[in-house]
Each structure stands twice: as structure tokens, then as C-alpha cells.
Amino acid sequence: DTWTGALKSCVKASLKDVGKGWFNLQEQVHEVYAVSKLHRFLKMVTYMMQDSIIFMAEASLCGFTDFICERSAYVVSVSSPSEVKCEP
């Protein structure tokens, strides 16, 4: 099960017994849904997921740049085409 599927199941399980009202999962009228608490709640969940993805992407990029910097922290001295020195 993916994390999005798990989140979907969790939200549905938590709100399934609410029935009619602001958190009605069976709402079919778009105008009613657009002003409902369910719409605002799901929008907030979307923003939280976006924030998490941005945070994970930034952390991954920082780790990648650290990796590249560590691997390229050598001084290369080229005296001639046949004489190249590589020092850490």
C-alpha cells in the first residue's frame, strides 16, 4: 500500500460515520462541497503533503551536494599530458 493510499484509507475510516453535514464523503453537489469543512480539510492535507515532499526533496538534494563535494574535493595538478597528480 502506498502512503497516499494509506492516507486515503485513514481519512475515509475517520470520517465514514460522520454522515450528512460538513464532512459528508458522499456529497455530490460541487457548490456545497466547495464551501464545506471537508474541502478545507482536504486542502490543508494537500498543503501538508506538498510541504513534506519539498522538505524531503531539499534534504535529498543537500545530501547529494554533500556527496558530490566530498568526491570532488581533490586538487588536480597537470604538469603535462602524461603527468597528472591528484591530491586530497
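Helices here are DSSP runs of H or I with at least four residues, numbered from the N terminus. Keep that in mind for phenylalanine 55, which lies in helix α3. The model is predicted.

**Stop 1: phenylalanine 55**

Select phenylalanine 55 and show its side chain. Its relative accessibility is 60%, so the residue counts as exposed; the cut-off for that class is over 50%.

**Stop 2: the nonpolar patch**

Together with Phe55 they form a nonpolar patch on the surface. The four have about 490 Å² of accessible area together. Colour by helix next: α3 gives the patch its largest share, three residues.

**Stop 3: alanine 6**

Move to helix α1, residues 3-15, and pick alanine 6. Is alanine 6 buried, partly exposed or exposed? Its relative accessible area is 38%, so alanine 6 is partly exposed. That class runs between the 20% and 50% limits.

Then draw a distance from alanine 6 to glutamate 70. The C-alpha atoms are 38 Å apart in space. In sequence, the two residues are 64 apart.

**Stop 4: the largest pocket**

Select Leu7, Lys8, Val11, Lys12 and Leu42. Of the 14 residues lining the largest pocket, these lie nearest its centre. The pocket holds about 220 Å³ of space.

Which helices each supply at least two residues of this lining? Show α1 and α3 (37-71): both do. Finally, colour the lining by residue class. Eight of its residues are nonpolar, three are polar and three are charged.

Notes
Residues are numbered from 1 along each chain as its sequence is written. This is a predicted model: local features need pLDDT of at least 70, side-chain atom pairs count only at pLDDT 80 or more; totals for chains, interfaces and linings use all residues. Side-chain values use heavy atoms; hydrogens and water are left out. Buried means under 20% relative accessible area, exposed over 50%, partly exposed in between (1.4 Å probe, protein chains only). On a 1 Å grid over the protein atoms alone, a cavity is a set of points where a 1.4 Å probe fits but cannot get out, and a pocket is an open set with protein on both sides within 12 Å along at least five of seven lines; lining residues have an atom within 4 Å of a point. Grid points are joined across faces, edges and corners, and a volume is the space filled by probe spheres set on the points. Ala, Val, Leu, Ile, Met, Phe, Trp, Tyr, Cys and Pro count as nonpolar, Asp, Glu, Lys and Arg as charged, and the others, Gly among them, as polar. Patches are made of residues with over 30% relative accessible area and no salt bridge: like charges are joined within 9 Å, nonpolar side chains (Val, Leu, Ile, Met, Phe, Trp, Tyr) within 5 Å. Accessible areas come from the Shrake-Rupley method with a 1.4 Å probe; for residues, only the protein chains shown count as cover. A salt bridge is a side-chain nitrogen of Lys or Arg within 4 Å of a carboxyl oxygen of Asp or Glu.
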